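I open a notebook on this structure and write down what I look up, entry by entry.

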Amino acid sequence: MIQSFIKKQFLLFIRNPHELLVLLGMPFILVTILGFALGNVMDGDDGAPKIHAKIALVNEGNEQADIQRFVHEVESMKLSANQKQMMVHTAKAMLPVTTLKNEVLGSKELKKYIKVVTVQPSKLKKVRQDDSYAAIIKVPNGFTYSVLRNALLGEQQPAKLSFYVNEGKEMTSEFVEDIVLEFQQRYSMFSALGKSGFINHSFTIPDIHVQGKVETVTKKKPIHAITYYMVGMSVMFVLYIASNVGSYAFNEKQLHVFDRILLADVSKWSYMTGIFISTVLLAFVQLNILYGVTSSVYHIKWPALFSFLIVTLALSLAVGGLGVLLTALNFRINSEQVSRFFQSVLVTLFSLLGGSFFPSGQLSDFMNTLGNFTPNGSSMSAYLKLLQGYGLTEVTHSILYLCLFSAAMVVASVWAFPKRGNLS
Amino acid sequence: MMLEAVELTKQFKQTKVVNGVNLYLEKGEIVGLLGPNGAGKSTTISMISTLIPPTSGDVRLNNKSVIKEPSKLRKVLGVVPQEIALYSDLSAKENLQFFGRIHRLSGARLQKKVDEILEQIGLTDRQNDLVKHFSGGMKRRLNIGVALLHEPEFIIMDEPTVGIDPQSRNYILETVKRLNEEKQMTVLYTSHYMEEVEFLCDRIYIMDKGSIIASGTKEEIKNILSSENTVEMKVEKVQEPFIDALRLQPVVNHVTVQDRVITILAPKEINVFRLLFKLAEETNTVFTSVEIKTPTLEDVFLHLTGRALRD
């Protein structure tokens, strides 16, 4: 019987060209328009990232004291005067912490994107609880001394910088992580050169060049505007399936078709199950068509097809939950107003928060959190991660959230659906 | 097999839209439920068909209540709603298939039933056309066809001929008659078209303002007016003073005016002709004809409620 509801629902959608145009044609057109029109803005004319990160730098050591300690040690060594002079000179010039703070993180190039806040070690705990920081770089005690010994004497492994990332700001924190890694690699190279005796006091740490695209960073693949909007528009327009299904169902009530269904001794639960499953399937098909067509036309590759299908199914379940809730509410207030309100106001609001029009999560932490609470926003994060090359485990929380969202909507619809006496 | 409504009452907030309705249907009969718009017919039907629960009273199938367990009745009951309860974007065949499936028909049995219904309602040639392209009459026929899919023993038809052309109307009436004769289907037929009820029904319930005000066979109901005559006067021009004067006469029961035809009810034992001609002369009314007619159900309704069915 559920099969009949599904078949009927599909036939009704297929026979409605206006709906099809809105659900399939419109998002594709918008992807094209937004992708090309905002491509330069999104991708950045200068290839620079659109990121504003606040980073805490916690220095537990004392750079000058470390250098002095190293210089004393060198002077007491049995080395030639020339060797001693070169080492002391190099040691005084290296200043790894100052370089990281002023020349790397504080460079003119990065200053536009990163704000470095020097924090006392005693406040580390407090900073770690502060969500406004994208990352914390902790310089351990004796770091400079270790770096110098490693680079110039080759005696021990250098102390590593500690790096804490804010999981809620994975894009920006990974960006910073990349810079720090690059910084460490340069010092490793410096150290290797030192051991080989190739360096002299004129050697300077090379600039760390930052490349990036729209909120992309790191070693993961960049997201281009077309790809971004493919996801943004698809997760937005799939929400219309829910409102349309709600409207169709209310229309069935208005036309007394629903009475006929009840008179066929079909329980309201079977009816709601039919609504839920058909909405899930419609959403799943719509998303696959949208992604399929857009990916083919714009040569977008999905690195993990299985993960993509799992996220798509989870989003479809969430849309199914919304569809069944909107149906229940329409029936309860005996009006199509709930569907219409969802279609005209909530979809736009969800899309704005979820980042369908622009990466709104970058505006503030609050926006980011709020966006991730919307089914479209949550699924958008997951899709973008998959497109960047992340695996299924990195998007599990989004999948779980979407499934929970779906379950919550179904439970709410069970509560909202009117009792028998108020059905007809 | 018998279906009955016992003291059915439905109250919405402070308004009683149906008040203590009693009626019954016995196997193989066609029963008419007659009443003007707003009389409470559709609410009564909704309660009998278990779509809405009554505020008080009961619906019984073979003397067992079906209010709490509607399944038993729903299996043997077909309902033709007043509205076109169909999917306009599906074809006639697809509609029948969908409703057949939800009635648990499938495979060859469903196919056979769909073909049979299409034949019965005369839409075999148009089975693949979308309902939205159908005429009003065709939609009405399909509306009936859907209710017949599960071969119900009882069928309730709520004004199934509203808004269609006379040809389609006759087709539907003939179909109802045929279903009753050939399949022994029990029919509860509501209408405000008196002639339909007269043509189809064995027994009639007349309903007004939420209550049954008369019931019985056609003859029994017409006998309500055995003591009265219906006098129909055709006039050249309707003069308002004449109508007012008629209404003031104690021997004249009910006056209706339609175009240039004035109808009154008056006791048989009183010769009203002299009175009518006197009033006509006083108000400059010119008769083109005056005749005494046998009472119709319409006259009975007028007598009982003080207004015409389609007022």
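Which residue in S13(B) is the bridge partner of B:Asn253? I looked it up and found B:Leu265. I note here that the model is a predicted one.

I followed the two strands involved. S12(B) and strand S13 (residues 261-267) of chain B are joined by 5 bridges and run antiparallel. I then traced the whole sheet: it is open, has 4 strands in the order S12-S13-S11-S14 (chain B), and its pairing is antiparallel. At its edges I found strand S12 (253-258) and strand S14 (287-293) of chain B; each has a single partner strand, so one side of each is left without a neighbour in the sheet. On average, neighbouring strands of this sheet are turned by 15° against each other, direction ignored. I also looked for a helix packed on this sheet and noted helix H10 (residues 273-282) of chain B, which touches strand S11 (228-235), S13 and S14 of chain B. The direction of H10 makes about 155° with that of S14(B).

**Entry 2, another sheet of chain B.** I turned to an open sheet of 6 strands, in the order S6-S7-S8-S3-S9-S10 (chain B), with mixed pairing. Strand S6 (77-80) and strand S10 (211-217) of chain B are its edge strands, and each pairs on one side only. One pair I wrote down is B:Phe154, whose bridge partner in S8(B) is B:Thr186. Helix H11 (residues 297-305) of chain B lies across strand S9 (203-208) and S10 of chain B, and runs at about 35° to S9(B).

Is B:Lys41 buried or exposed? I found a relative accessible area of 5%; B:Lys41 is buried because this is under the 20% cut-off. B:Lys41 lies in helix H1 (residues 41-48) of chain B. A polar atom of the side chain of B:Lys41 lies 2.6 Å from the backbone oxygen of B:Gly35. Leaving aside neighbours within four places in sequence, I listed the contacts of B:Lys41, among them B:Leu33, B:Pro36, B:Glu159, B:Thr190 and B:Met207.

I counted 11 helices and 14 strands in chain B. Of its 311 residues, 54% are buried. Chain B exposes about 14000 Å², and carbon and sulfur atoms supply 47% of that area. Among its contacts between residues at least 6 apart in sequence, 70% join residues at least 24 apart.

**Entry 5, a strand in chain A.** How many of the 5 residues of strand S3 (residues 135-139) of chain A are buried? I found 5 of the 5, so the strand is largely enclosed by the rest of the structure. A:Ala135, A:Ile137 and A:Val139 are buried on one side of S3(A), and A:Ile136 and A:Lys138 on the other. Strand S1 (residues 53-59) of chain A runs parallel to S3(A), with 5 bridges joining them. A:Ala56 stands opposite A:Ile136 in S3(A).

In the model, residues 271-293 of chain A are 100% helix, with end C-alpha atoms 32 Å apart. Residues 399-417 of chain A are 95% helix and 0% strand, with end C-alpha atoms 27 Å apart.

Methods. Residues numbered from 1 in each chain as written. Chains lettered and ligands numbered in written order. Predicted model: local features only at pLDDT ≥ 70, side-chain atom pairs only at ≥ 80, totals over all residues. Heavy atoms only, no water. Buried < 20%, exposed > 50% of the residue type's maximum accessible area, 1.4 Å probe, protein only. Contact = heavy atoms within 4.5 Å. Areas by Shrake-Rupley, 256 points an atom, 1.4 Å probe, with all protein chains shown as cover. Polar contact = N/O pair within 3.5 Å; in protein donor to acceptor, adjacent residues only side chain to side chain. Pairing = 2+ DSSP bridges. Axes fitted to C-alpha atoms, helices over the stretch in contact; angles between N-to-C directions.
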